[in-house]
Structure formats: structure tokens, C-alpha cells
Amino acid sequence: MDFNKTKGLKKDSDFRKVYKHGKSFANKHLVMYILENKSDISRVGFSVSKKVGKAIVRNKVRRRIREAYRLNIDENVKNGYDIVLIARVSTKNVEYKDIEKSLNHLARKANIKLQEQ
């Protein structure tokens, strides 16, 4: 899972480190944890709990969040952050546009997005 400017966050230990030491931002549909990683690249991970639904629903939600990140955040993300995006239960009933709005809102709150020209 490589984007243009972001790598994937895969190890459970990396996720746990971000949860424990990172800062969280939340809205109605998503929760975002961010932690500086003292590197020149950013890494992102996606988490969708079984509370959201069965495997088909979870995979659909994960694909939508990943695509919203790829189209809106990836090119403009600041370097040197580990980011974990967690879907809330309400995400299973919303359209892609709502997920996109929620993700952009969290990126502005967390100040990880570079200013667009």
C-alpha cells in the first residue's frame, strides 16, 4: 500500500506506538491519531473495527477511506508523521463524499496538510 508521498503503516507495534504517544482528533465519522516519526516520509494506517459490520462492509469502508486519503491528503501531507485513521460505526451508512469531508476536516484540525496553491 504505497501512495505517492506516503508509505503504509503495517506493524501492530507501530499502530500501538501511535495510539499510546500520538495526538488524536475526531469527528462524527473518523478518528485520526498522528505522531511525529523523526523521518522524512509519512506513513498511514487504516483501522476498521468489527463493530462497523461484517467483512464486506468493513472492506468497503476501508477502501473509501483509503481513496479519500489518496485523492485529498497524500500529495499535500507534511513529511515525518505516522497517521492512523479509524472508522467509527456511523461510517458504514454514509456516502463517499461524507467520508471525504470528514477526512479533510481532520487534516485541517491536525495541521498535517500543506497549504494548497
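Which exposed residues does the face of α2 turned away from its buried side carry? They are Ile56, Arg63 and Leu71. The views below come from a predicted model, where local features need pLDDT of at least 70, side-chain atom pairs count only at pLDDT 80 or more, and totals for chains, interfaces and linings use all residues. Residues are numbered from 1 along each chain as its sequence is written, and side-chain values use heavy atoms, with hydrogens and water left out.

**View 1. Helix α2 from end to end.** Helix α2 covers residues 55-72. Helices are DSSP runs (H or I, at least four residues), strands likewise (E, at least two), numbered from the N terminus. At 1.5 Å a residue, its 18 residues should span 26 Å, and the end C-alpha atoms are 26 Å apart, which agrees. The expected span is 1.5 Å times one less than the number of residues.

**View 2. The buried side of α2.** Arg58, Val61, Ile65, Ala68, Tyr69 and Asn72 are buried. Buried means under 20% relative accessible area, exposed over 50%, partly exposed in between (1.4 Å probe, protein chains only). The buried residues pack against β1, β3, β4, β5 and α3.

**View 3. Asp82 in strand β5.** Asp82 sits in β5, residues 81-87. Asp82 is buried, at 3% relative accessible area. Leaving aside neighbours within four places in sequence, its contacts (heavy atoms within 4.5 Å) include Leu9, Tyr33 and Arg43.
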